[in-house]
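Dear colleague,

I am handing over the structure we spoke about, and you will find the sequence and the coordinates just below. After them I have set out what was found, going from one region to the next.

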Amino acid sequence: MRTQERLRAVRAAGADVAAMLKPPLYRSADEQGPGTLYTARYRPVEGRVTYYWPGESWHQSFGDFAPGSRTVALGRAG
């Protein structure tokens, strides 16, 4: 699962969401092991979260929560 490689990449990426959507952190469904479903950036003090997929994001907040769903195509990151 390349755990140590992924941990180093997370530490190097910091808050850089774009880096989180690239290998080795983002894994497509056709690679060995489970693929990445999404990346989330939580802002608990602000009561917000943003969910990310390659090419798409979804913002939610405690103050303006909008129930819903998303359909995304899982595959290779471009």
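This is a predicted model: local features need pLDDT of at least 70, side-chain atom pairs count only at pLDDT 80 or more; totals for chains, interfaces and linings use all residues.

The search of the whole structure returns three aromatic pairs. One of them is formed by Y51 and W58, whose rings are 6.3 Å apart from centre to centre, with 50 degrees between the planes, so that the pair is classed as tilted. The reasoning behind that class is that planes under 30 degrees apart would count as stacked and those over 60 as edge-to-face. The two partners fall into separate accessibility classes: W58 is buried at a relative accessible area of 15%, whereas Y51, at 22%, counts as partly exposed. Taken together, the ring pairs link Y38, Y51, W53 and W58 into a cluster.

Of the 78 residues in the protein chain, 27% are buried. Among the contacts with a separation of 6 or more, 23% are between residues 24 or more positions apart.

The strands make up an open sheet of three, in the order β1-β2-β3, with antiparallel pairing. β1 and β3 are the edge strands, each of them pairing on one side only. On average, and with direction ignored, neighbouring strands of this sheet are turned by 15 degrees against each other. The pairing of β1 with strand β2, which covers residues 48-53, is antiparallel and extends over five bridges, and within it R41 has T50 of β2 as its bridge partner. Between β2 and β3, which also run antiparallel, there are six bridges, and here Y52 stands opposite S57 in β3.

The hairpin of β2 and β3 has two residues between the strands, and in it G55 takes a positive phi near 85 degrees. For context, most residues other than glycine have a negative phi.

Two residues of β3 may be worth a look on your screen. H59 is found in this strand, which spans residues 56-61, and H59 is exposed, with a relative accessible area of 55%. If neighbours within four places in sequence are left aside, H59 is in contact with V49 and T50; with T50 there is also a polar contact between the side chains, at 3.0 Å. The C-alpha atom of H59 is separated by 7.4 Å from that of R48, which is 11 residues away along the chain.

The other residue is S61, which lies in strand β3 as well but is buried, with a relative accessible area of 18%. A polar atom of the S61 side chain lies 2.9 Å from the backbone nitrogen of D64. Again leaving aside neighbours within four places in sequence, S61 is in contact with G47 and R48.

Where would you look for a cis peptide bond? The bond joins P23 and P24, and its omega is about 5 degrees. P24 lies in the loop between α2 (17-20) and β1 (39-43). By way of background, most peptide bonds are trans.

Note on methods:
Residues are numbered from 1 along each chain as its sequence is written. Side-chain values use heavy atoms; hydrogens and water are left out. Rings of Phe, Tyr and Trp (its six-membered ring) pair if their centres lie within 6.5 Å; planes under 30 degrees apart count as stacked, over 60 as edge-to-face and the rest as tilted. Buried means under 20% relative accessible area, exposed over 50%, partly exposed in between (1.4 Å probe, protein chains only). Helices (H or I, at least four residues) and strands (E, at least two) are DSSP runs, numbered from the N terminus. Contact means heavy atoms within 4.5 Å. A polar contact is a pair of N or O atoms within 3.5 Å; within protein, one must be able to donate a hydrogen and the other to accept it, and residues adjacent in sequence count only if both atoms are side-chain atoms. Two strands pair if DSSP finds at least two bridges between them. Axes are lines fitted to C-alpha atoms, for helices over the stretch in contact, and angles run from 0 to 180 degrees between N-to-C directions.
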